[in-house]
Amino acid sequence: HNHIETGSTSIFWLFLILSAVALIVFNLMFYYSYSLQCHSVYLHVHSYSSFDPKPACMSFIIGSAFVIVQYFFTIFPEWCLVVAQIIHLLLMGYTCYNLRFLTFHYDLGNVILASTFSASAFNDIIMIIARYAKFPFYVPIITFFVVMIALSITFYFVLRSYTKKIVAGMQDSDLTEEERNDYLEKNKLNVDLNKALMYMRRGFMGATPFFATFALPKYVALSYNTVESISASLQLLSYFPCESRLMNSLLTQLCSKQNLSFYQRFLIYEVYHLNTLRQSSVSSSSNETLNELKNNTLHVETFVRSYFVLKEPNVYAFEEVSIRNKKCQSLWQEGIYNYPNNSEYYEEYSRFLIECPSDFYAAVLQRRSADLIDIGHNFAIDHSFIKMIQNYPEYIKKGIIDTKGNIRLNAKAKKDETISSSGSENTDHS
């Protein structure tokens, strides 16, 4: 087509600027939201969900940005488009190279992106050739889809075989320290952080017994001791309620690091909230919040009593009573949501319901909840653990963990050891 002369029309530059601004805004929105989702302690697994946002973000940003880049190159002679296609070819190759660490939750995401961008890179070569050799316009289109389908099938079987090989090597949970070190050195997990993260995540996704010992997350976090290694290990450990001690240790280490990204700070916030939800003991922050709620309740109670002793009560005072009751009740509900296993919260909330809004039925229910907590009932809903089990039910099916999140491998090993020792004793006596 005829190239557009620079400055020939203001519409060209108007569309170019508006599209560039829209591209930047939408890509920033996608990057921030997708990064937070990838580092959340609550698993949301879909075709393009991932542990690492970088490959997917780079793929979508490059794909959308080059629409504008090619539009911009129309102001130059046609041969300049070859430069844009060469740059696009190199970026597609670099993007496919970054996909080798298999960061997506589903293999489908790795296969689709790898095949699509590989076919796009191959199509760039075809388009460059098409500028010097004439052939029908539909040839590049047909070539793109044929290559993409062929690569999708190829990548699927290659990835499936590679994943099986990784998972097959992580089926033993009773490795000695020497055997574990040999495994790490053999697969070069002690020198390549990205490969170590890939093995760790694949072990988690495959519900392997070796991962269930949590030796690999601990090794990755402590050996490399970087922000990326600690945050990746911390995210996986947060799915298992039984590993609170190791999770707290890694959380402390991550908080001591500098230059944390926004999504790593978000991970710290979620892990702290999750830790507060799971804890059974009363913390200092819980007591501080409870004292604030008590003081707030006392002020509301005083205001309610002052209303009933008014000689000439009016509707404005009554509205103020209602507003303060609702505000204080919302604070109590938030406190119970944050500390669902603290019986004192339910007792004090019951007192508030009696003295302020006079909701006696709800007060009885809260008092009943306090009594149930005192006899061992758990009101905390661990959504992180529930989402993990929903997406990876093999942990329950294989008997690796129970429904409360406790690891059963150690208990099973101890049971087998006890049976074998008792059998040997019986043999000696006979």
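A residue is called buried when its relative accessible area is under 20%, exposed when over 50%, and partly exposed in between, as judged with a 1.4 Å probe and protein chains only. The structure described here is a predicted model, in which local features need pLDDT of at least 70 and side-chain atom pairs count only at pLDDT 80 or more, whereas totals for chains, interfaces and linings use all residues. Residues are numbered from 1 along each chain as its sequence is written, and side-chain values use heavy atoms, with hydrogens and water left out.

Most residues other than glycine have a negative phi. Asn225 is not a glycine, yet its phi is positive, at about 50°. Asn225 is situated in the loop between α9 and α10, where helices are DSSP runs of H or I with at least four residues, strands are runs of E with at least two, and both are numbered from the N terminus. With a relative accessible area of 37%, Asn225 is partly exposed. A positive phi of about 50° is also found at Ala207, again not a glycine. Ala207 belongs to the loop between α7 and α8, and its relative accessible area of 0% makes it buried.

Helix α9, which spans residues 215-224, is followed by Asn225. Within α9, the buried residues are Ala215, Leu216, Pro217, Val220, Ala221 and Tyr224. These buried residues pack against α6 (177-186), α7 (193-205), α8 (209-212), α10 (227-237) and α11 (244-255), contact meaning heavy atoms within 4.5 Å.

Charged side chains form a further group of features. Side chains of opposite charge can pair when their charged atoms come close. In a salt bridge, a side-chain nitrogen of Lys or Arg lies within 4 Å of a carboxyl oxygen of Asp or Glu. The structure contains 8 salt bridges. A network of such bridges links Glu301, Arg305, Arg351 and Glu355. Glu301 pairs with Arg305, and their closest N and O atoms are 2.7 Å apart. Because Glu301 and Arg305 are 4 residues apart in helix α13 (residues 284-308), about one helical turn separates them. Arg305 is exposed at 53% relative accessibility, whereas Glu301 is buried at 4%.

Glu301 also forms a salt bridge with Arg351, with an N to O distance of 3.2 Å. Glu301 lies in helix α13 and Arg351 in helix α15 (residues 343-355), so this pair ties together parts that are 50 residues apart in sequence. Arg351 is partly exposed, its relative accessible area being 37%. Between Glu355 and Arg305, the closest N and O atoms of the salt bridge are 3.8 Å apart. Since Glu355 lies in helix α15 and Arg305 in helix α13, this pair likewise ties together parts 50 residues apart in sequence. Glu355 is partly exposed at 34% relative accessibility.

On the surface, Phe137, Tyr138, Ile141, Ile142, Phe145 and Val146 make up a nonpolar patch with about 660 Å² of accessible area together. Patches consist of residues with over 30% relative accessible area and no salt bridge; like charges are joined within 9 Å, and nonpolar side chains (Val, Leu, Ile, Met, Phe, Trp, Tyr) within 5 Å. The accessible areas come from the Shrake-Rupley method with a 1.4 Å probe, and for residues only the protein chains shown count as cover. Phe137 is placed in the loop between α4 (107-130) and α5 (138-168), and is exposed at 69% relative accessibility. In helix α4 lies Asn123, a buried residue with a relative accessible area of 16%. Apart from residues up to four places away in sequence, Asn123 touches Pro140 and Phe144.

A cavity is a set of points, on a 1 Å grid over the protein atoms alone, where a 1.4 Å probe fits but cannot get out; lining residues have an atom within 4 Å of a point. The search of the whole structure finds 1 cavity of 30 Å³ or more. The volume of the largest cavity is about 40 Å³, a volume being the space filled by probe spheres set on the points, with grid points joined across faces, edges and corners. Among the residues that line the largest cavity are Gln37, Cys38, His44, His105, Gln235 and Tyr239.

Conventions. 1 Å grid on protein atoms, 1.4 Å probe; cavity = no way out; pocket = protein on both sides within 12 Å on 5 of 7 lines; lining within 4 Å.
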